[in-house]
Amino acid sequence: MASNVSGTRHHGTGWEAENPWAAGWTAAAAFLMVFGGIMAVFQGIAAIAEDDVFVSTRNFTYAFSLTGWGWVHLILGALVVAAGAALFKGATWARVVGVALAGLSMIANFVWLPYFPVWSIVLIVIDGFIIWALCAPRRESRA
């Protein structure tokens, strides 16, 4: 005889997606964070090595050292990869840190526009998507 035990519920991690699409977007944001972070690390390494890939325009407002920006992208990229990996594991702190790091990445890529404009614009759009996906409406699970 099958019994239905009342009062037992699935206890989540504290936050559950309001619908399956929000959970899917969170996974997509985590994937984009890991991928974008790895690309930022490579971008930083290329800038630190003073590669000929980057050609800066003259007389632009944000004139900074290419090597300095390389270190910024390298460190920021490593942090984004770590937060994206933690987001795959379901860490709640990774959602907040991911939003903050995506915002910092947007600013860094805005200032990076004179060096690599098309890639910077693409990453600004991806960072905006990451912020949206991590801030998607959620409801607290009832424990």
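A cavity here is a set of grid points where a 1.4 Å probe fits but cannot get out. With that idea in hand, let's look around this predicted model. By this rule, the chain has one cavity of 30 Å³ or more.

**The overall layout**
- The chain contains four helices and two strands.
- Reading from the N terminus, the order of these elements is β-α-α-α-α-β.
- Of the 143 residues in the chain, 34% count as buried.
- Take the contacts between residues at least 6 apart in sequence: 78% of them join residues at least 24 apart.
- The chain exposes about 9,000 Å², and carbon and sulfur atoms supply 69% of that area.

**The cavity**
- Rolling a probe the size of a water molecule over the atoms shows where empty space is left.
- The largest cavity holds about 130 Å³ of space.
- Sixteen residues line the largest cavity, and those nearest its centre are Gly-36, Gly-37, Val-80, Ser-105 and Asp-127.
- Two or more lining residues come from each of α1 (20-48), α2 (66-88), α3 (92-111) and α4 (117-134).
- Which helix gives the largest share of the lining? That is α1, with five residues.
- Sorted by type, the lining of the largest cavity has nine nonpolar residues, six polar ones and one charged one.

**The nonpolar core**
- In soluble globular proteins, nonpolar side chains tend to be buried together.
- In this model, the largest nonpolar core has 22 residues.
- Met-33, Trp-69, Leu-87, Trp-112, Ile-130 and Leu-134 have the most contacts inside this core.
- Each of the helices α1, α2, α3 and α4 supplies at least two residues of the core.
- The largest share of this core comes from α2, which gives seven residues.

**A closer look at His-73**
- Where does His-73 lie? You can find His-73 in helix α2.
- Is His-73 buried or exposed? His-73 has 3% relative accessibility, and buried means under 20%, so His-73 counts as buried.
- Leaving aside neighbours within four places in sequence, His-73 is in contact with Ala-40, Val-41, Gln-43, Gly-44, Ala-108, Asn-109 and Trp-112.
- One of these contacts, Trp-112, is also among the residues with the most contacts inside the largest nonpolar core.

Key: Residues are numbered from 1 along each chain as its sequence is written. This is a predicted model: local features need pLDDT of at least 70, side-chain atom pairs count only at pLDDT 80 or more; totals for chains, interfaces and linings use all residues. Side-chain values use heavy atoms; hydrogens and water are left out. Buried means under 20% relative accessible area, exposed over 50%, partly exposed in between (1.4 Å probe, protein chains only). Contact means heavy atoms within 4.5 Å. Accessible areas come from the Shrake-Rupley method with a 1.4 Å probe; for residues, only the protein chains shown count as cover. On a 1 Å grid over the protein atoms alone, a cavity is a set of points where a 1.4 Å probe fits but cannot get out, and a pocket is an open set with protein on both sides within 12 Å along at least five of seven lines; lining residues have an atom within 4 Å of a point. Grid points are joined across faces, edges and corners, and a volume is the space filled by probe spheres set on the points. Ala, Val, Leu, Ile, Met, Phe, Trp, Tyr, Cys and Pro count as nonpolar, Asp, Glu, Lys and Arg as charged, and the others, Gly among them, as polar. A nonpolar core is a set of buried Ala, Val, Leu, Ile, Met, Phe, Trp, Tyr and Cys residues joined through side-chain atoms within 4.5 Å.
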